[in-house]
Amino acid sequence: MTQPNPKLGPERRAPLRLVASLGSLSFAVQSAFDTNGLVNSLAESVLDLARADQFVLLLLDYETGELEGDHFEHGHVGATGHTRIVPTPASFLGRIVRRETLIVEDPTGIRLAGGDDLSWRGGSPETMIGVPVVIGTSLLGVAVVGYRRKVSVNDRRRRLLLFLADQIGLAVDRIRTHGDLETKRRKLEEAAVALRRTEEAKSDLISVVSHELRTPLTAIKAYTETMLDNLGRPTFTMQEKFLGIVNEECDRLSRIVNDVLDLSRMESGRRRLKVESLDLARLIEEVTPTVAPELAHKRLHLVPALERDLHAIEADPDLLKQVLVNLIANAAKFSRPSTDVVVRAGRNGERMAIAVEDHGMGIAPDKLSRVFERFYRVEDGGAERVAGTGLGLAIVKSVVELHGGTIRVESVVGQGSRFVMDLPLRQHGFRDLMRSLGPFFERPELQALLQSCVEMVAEVMDARIVSLMFCNEAGTELLIQAAYGLDADMVARTRVKMGDSIAGWVAQTSENLCVTDIENDRRFRKMNHPQYETKSLLCVPLKIGGETVGVVNVNNKTTGIPFDADDLNLLVAIARRIGQAVERVRAAGESGDIPAMLTTVRAIVRARRSHLLPGSRRGFKLAADLGRGLKLQLEDVEILGYVAKIHDVGMLSVADDLLLSDRRWTEAERRRVEGHPQAGVQLLKPIEIASRVNATILSHHEHFDGHGYPRGLKGEEIPLLARILAVLDAYESMTAGRPYREPFSEEDAVAEIRRCAGTQFDPRVVEEFVRILRSREESNGAPPRPSESELNRDAVR
């Protein structure tokens, strides 16, 4: 950069300085390709040229109407803050969006104009100037410069600001163009990879299909040539037989072509499900006439063996019929004459198991893994070739997976085979759902969100090992996508088949699981892995839109004691919120506010590690016991336990030195501390959409007589969960102690809570709270606490 000559006077140095700064700005706009670098260079140049103290660049989201961007300050490198806001029409930002250039030259005017909405670091400026950022006829956003001193805006400064607005517009346009080009480049690279894979698959398919087509074509050509050679010879009498063979081979060719087309449509995703609620017994009746010829040929009997009162299943009727026809026909081909082909079905949680059994030659163990391959036939040496295209079972597998199910084969040589399907009772487009989750396992920011989620679970659940497992696209396996406390090699190589082991069982049944002792649990009874220090574990389904897409595993409780039902309810509550967060990001796509969710999850982890959140298991257990004692619904008990763990996350908004201070707070400091419920609700907003959770956190410092905060609610106006939490929070606070006072004894804390019943606390909640404590003492062998009437008599004496 050209340096002004110090020997020149101020009136001559200013133009030189301006020219140098303008040159620097133009160079930054024209040469930077890194988005962050371009914005930082732009901000530095604007602050220098305008001699401003603060600069904010907010870009307009055309879909939501939100303005979002960064704050910059003179003398600081990089952004110093971030703003996301929906401007109201009459506000400072709203008027700029309507393409006004605004100048506010006093703090009162800034407050009245809504300039405080920008959350200026270090307070609002004395003078504030806002200009629209426009390129051509398109509004891109707004730019605001602030001065911590009063500045008079003359014509020269006004022209400079307009020039800066033009340069900012060019820069923003360059940023967006660069981003669009990057996105297109990535998509082209992905398309090129997909094209290569498609070409390879197409070559393989053409090779296999060519081989399969060659066989019937060879037969057709051979028999027609023979007939042509013997045309007109009275001694040749095989015409009818040969024409029959040609006709059969033509039918075979037609089946191969149709099967290939069906398989191609399903594997490419072009065959969409037409879901209906189906009665399996009726469906079997409908397919029976189709398979009757194959059954009659060997005098076979089709025997339905369905569970009584079998639940209806949601599926595509045509495809499920095709599956049943293919499996029954396959069983008929390999069955011994005069035996049964059995179709069994039964419900397994939220899924249905359907099995087709034959009593035939069976399949050798080394061939079981290949039976679903295209064009593969199980034929032992010397055995008669079985008719068919070799695509029937491949089609069955594709249809089952298209429904979000799995299929396996069990067989004993010489006794027969059993094909078992596992299908969800309800269809939610499982394959499409899992495909849409793909970016979570590829994009770094989404991987960071999942990783932060497992750390949050570990902190809130007091566990040393946590893992998030997701189904693969076909729904046949579970893979670990994020883990805390697990060996990296174990994470990389773990694959759990659907239905196998604990995670596979939970994913298949969608049931919540608490295991007290894995080595003695009758359902599993397996040796504990050396990496797990305790034998107790939790596993719950991870759901999106009602569909189970994975599981959350929790092991190694830090206290060493087994997990219990209350721990399970807590994990269910957390898993539900992780699922909601994933669903919101998935639905929003590229526009999802991932940084906000990351901030929320990491805030919970930070608050827990800073001991701002309750760490006492006693308080958590008391919350669950109180909820049950007050006859709350199970869902409310679950919410209460969850809120008891995280309700004070808003304390992060209060400085540590204030929380640890042993002096009396000033009025301003007290108001800051009393703002933590609102701060907590705001902080949890990106992942918490349950109104009862927000209402409980917001109201847990309200007093029963209406003298609490933040809204001054009283009596029944205060949500019941908040009234319960108020008692628990006070008890835990008093018995834990604070820097400015010693902890209360449990007896003194209970006495204080009883004294405040009817003023600070709900008397009914206090009564149940005292009853639970007394019951615990009696069960532990401690002398019973005196009743309220006894305490009153003592007071009279």
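Residues are numbered from 1 along each chain as its sequence is written, and the side-chain values use heavy atoms, with hydrogens and water left out. Because the model is predicted, local features need pLDDT of at least 70 and side-chain atom pairs count only at pLDDT 80 or more, whereas totals for chains, interfaces and linings use all residues.

The protein has 25 helices and 19 strands, where helices (H or I, at least four residues) and strands (E, at least two) are DSSP runs numbered from the N terminus. Of its 797 residues, 47% are buried; a residue is called buried under 20% relative accessible area, exposed over 50%, and partly exposed in between, with a 1.4 Å probe and protein chains only. The accessible surface comes to about 40500 Å², and 51% of that surface belongs to carbon and sulfur atoms; such areas come from the Shrake-Rupley method with a 1.4 Å probe, and for residues only the protein chains shown count as cover. Among contacts (heavy atoms within 4.5 Å) between residues at least 6 apart in sequence, 63% join residues at least 24 apart.

We turn next to the interior. In soluble globular proteins, nonpolar side chains tend to be buried together. A nonpolar core is defined here as a set of buried Ala, Val, Leu, Ile, Met, Phe, Trp, Tyr and Cys residues joined through side-chain atoms within 4.5 Å. The largest such core has 113 residues, and those with the most contacts inside it are Met461, Leu468, Val554, Ile574, Ile604 and Phe769. Helix α14, which covers residues 565-588, gives the most to this core, with eleven residues. The core draws at least three residues from each of domain 4 (427-593) and domain 5 (611-783), the bounds of which come from an automatic or database domain assignment. A second, separate core of 41 residues includes Leu283, Val323, Val341 and Val409.

What does Met461 touch, leaving aside its neighbours within four places in sequence? Met461 is in contact with Leu538, Val554, Lys557, Phe563, Asp567, Leu570, Leu571 and Ile574. Asp462 is placed in the loop between α11 (444-461) and β14 (463-471). Asp462 has a phi near 55°, which is a positive value in a residue other than glycine, and it counts as buried because its relative accessible area is 18%. Ser510 likewise has a positive phi, of about 60°, although it is not a glycine, and this residue is found in the loop between α13 (501-509) and β17 (513-515).

Rings of Phe, Tyr and Trp (its six-membered ring) pair if their centres lie within 6.5 Å, and planes under 30 degrees apart count as stacked, over 60 as edge-to-face and the rest as tilted. By this rule the count comes to six aromatic pairs. In one of them, the rings of Tyr223 and Phe242 have their centres 4.7 Å apart and their planes at 65°, so the pair is edge-to-face. This pair links distant parts of the chain, since Tyr223 is in helix α5 and Phe242 is in helix α6 (residues 239-267), 19 residues apart. Tyr223 counts as partly exposed because its relative accessibility is 26%, while Phe242, at 11%, counts as buried. Tyr223, Phe236 and Phe242 form one aromatic cluster.

The charged end of Arg577 sits over the ring of Tyr642, 4.3 Å from its centre, and Lys645 lies over the face of Phe620, at 5.4 Å from the ring centre.

Ser699 is found in helix α21, and it counts as buried because its relative accessibility is 1%. Not counting residues up to four places away in sequence, Ser699 touches Arg711, Leu713, Ile718, Pro719 and Ala722. Pro710 lies in the loop between α21 (691-699) and α22 (720-736), and a cis peptide bond, with omega about 10°, joins Tyr709 and Pro710. Glu732 is placed in helix α22 and, with a relative accessible area of 15%, is buried. Glu732 and Pro743 are eleven residues apart in sequence and 9.7 Å apart in space, C-alpha to C-alpha.

How values were computed. Lys NZ or Arg CZ within 6 Å of the ring centre and 35° of its normal.
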